[in-house]
Amino acid sequence: MSAINFYKYQGTGNDFILVDNRTGDVTLNAGQISKLCDRRFGIGSDGLMLIQKATEPGLDFYLEFFNPDGSKSFCGNGSRCAVAFASYLKICNGSTQFKAVDGIHSATINDEGRVSLKMSDVGAIRNFRDGFFLNTGSPHVVLEVQDLKTYPVVKEGAEIRYSAEFNPSGTNVNFVERKGDNHFEVRTYERGVENETLSCGTGVTAVAVALHKKYQLTHDEVKITTQGGDLVVKVEPYNYGYRNIYLNGPTSFVFNGQVSPN
């Protein structure tokens, strides 16, 4: 394959490679994706996304997200960056509807690049050890810990991610410290990246939902501090779960160029 045009975006330190593939010319295998995401031998990122042509009425585009190991999943911060990229491409203007692996999402973007993304509804929130397990488009464990800044996130996160309970697909793991009534700080171990990332949109959402329920918060907005910056999650309790969940935070363009995937 000849060189492809790419754009790099980041949202609270979660960085992504984006490719406009509405023509369908770009096909990448897992090895090529891993190389492009590698921070020494490639561009370097927490994932790669292809903006594909929408095939259903009412949708602006289809978003295909790949983890650095080539596996597919849904990514909250990645989707927010994809909305910013779609706005740059003039696929949408101010608001959009698109489809990802977990279904249809809507989003808005303002002039400063701040994107509010509607997440999937959350149903069952089950107990796991002293915390919770839930799915916010991707599976997440949420555990409160003390002294988060020095906590061994990679060691403990990998142990849970690869534990027998979550075989074969694994899970993401979020370690959390409460900073205020509706304010939490989080560090996340991400499957597919197999390391800690500076931010994780689905993880932030999982933390907001699980701890909103645990503490019976009266606020409908939860502030989450990640190592890459602050995000706000708006939630609405509904029956045994949550609906009308919005992930809101900044995005920014980093750089663009051409690269050979081989």
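Okay, let's start with a term: a nonpolar core here is a set of buried Ala, Val, Leu, Ile, Met, Phe, Trp, Tyr and Cys residues joined through side-chain atoms within 4.5 Å. Buried means under 20% relative accessible area, exposed means over 50%, and partly exposed is in between, with a 1.4 Å probe and protein chains only.

Quick housekeeping. What you see above is a predicted model, where local features need pLDDT of at least 70 and side-chain atom pairs count only at pLDDT 80 or more, while totals for chains, interfaces and linings use all residues. Residues are numbered from 1 along each chain as its sequence is written, and side-chain values use heavy atoms, with hydrogens and water left out.

So, the cores. The largest one has 50 residues, and Leu134 and Ile224 have the most contacts inside it. Helix α4, residues 201–215, gives this core its largest share, 7 residues. Helices, by the way, are DSSP runs of H or I with at least four residues, strands are runs of E with at least two, and both are numbered from the N terminus. What does Ile224 touch, once you skip residues up to four places away in sequence? Its list is Phe184, Val186, Val204, Val207, Ala208, Gly229, Asp230, Leu231 and Val233, with contact meaning heavy atoms within 4.5 Å. There's also a second, separate core of 14 residues, and among its members are Ile17, Leu36, Cys37 and Ile43.

Next, helix α3, residues 153–161. Its buried residues are Val153, Glu156, Gly157, Ile160 and Arg161. Why do they sit on the same side of α3? Because they cover an arc of only 135° around the axis, taking the directions from the helix axis to the C-beta atoms. As background, an α-helix has 3.6 residues a turn, so residues three or four places apart point the same way. The cover over those buried residues includes β8 (126–128), β10 (139–144), β11 (172–180), β12 (183–190) and β13 (195–197).

Arg161 pairs with Glu194, with the closest N and O atoms 2.9 Å apart. Arg161 is in helix α3 and Glu194 is in the loop between β12 and β13, so this pair ties together parts 33 residues apart in sequence. Arg161 counts as buried at 10% relative accessibility, while Glu194 is partly exposed at 24%. Glu156, meanwhile, bridges to Lys155 at 3.3 Å between the closest N and O atoms, and Lys155 is exposed at 55%.

Elsewhere, Lys8, Asp15, Arg39 and Asp46 are linked in a salt-bridge network. Within it, the side chains of Asp46 and Arg39 meet at 3.1 Å, N to O, and Asp46 is buried at 8% relative accessible area.

One more buried residue: Ser79, in helix α2 (residues 76–88), has a relative accessible area of 1%. Leaving aside neighbours within four places in sequence, Ser79 is in contact with Met49, Leu63, Phe74, Phe98 and Leu117.

Last stop, strand β17, residues 252–259, which is where Phe255 lies. Phe255 is partly exposed, at 34% relative accessibility.

Methods
Salt bridge = Lys/Arg side-chain N within 4 Å of Asp/Glu carboxyl O.
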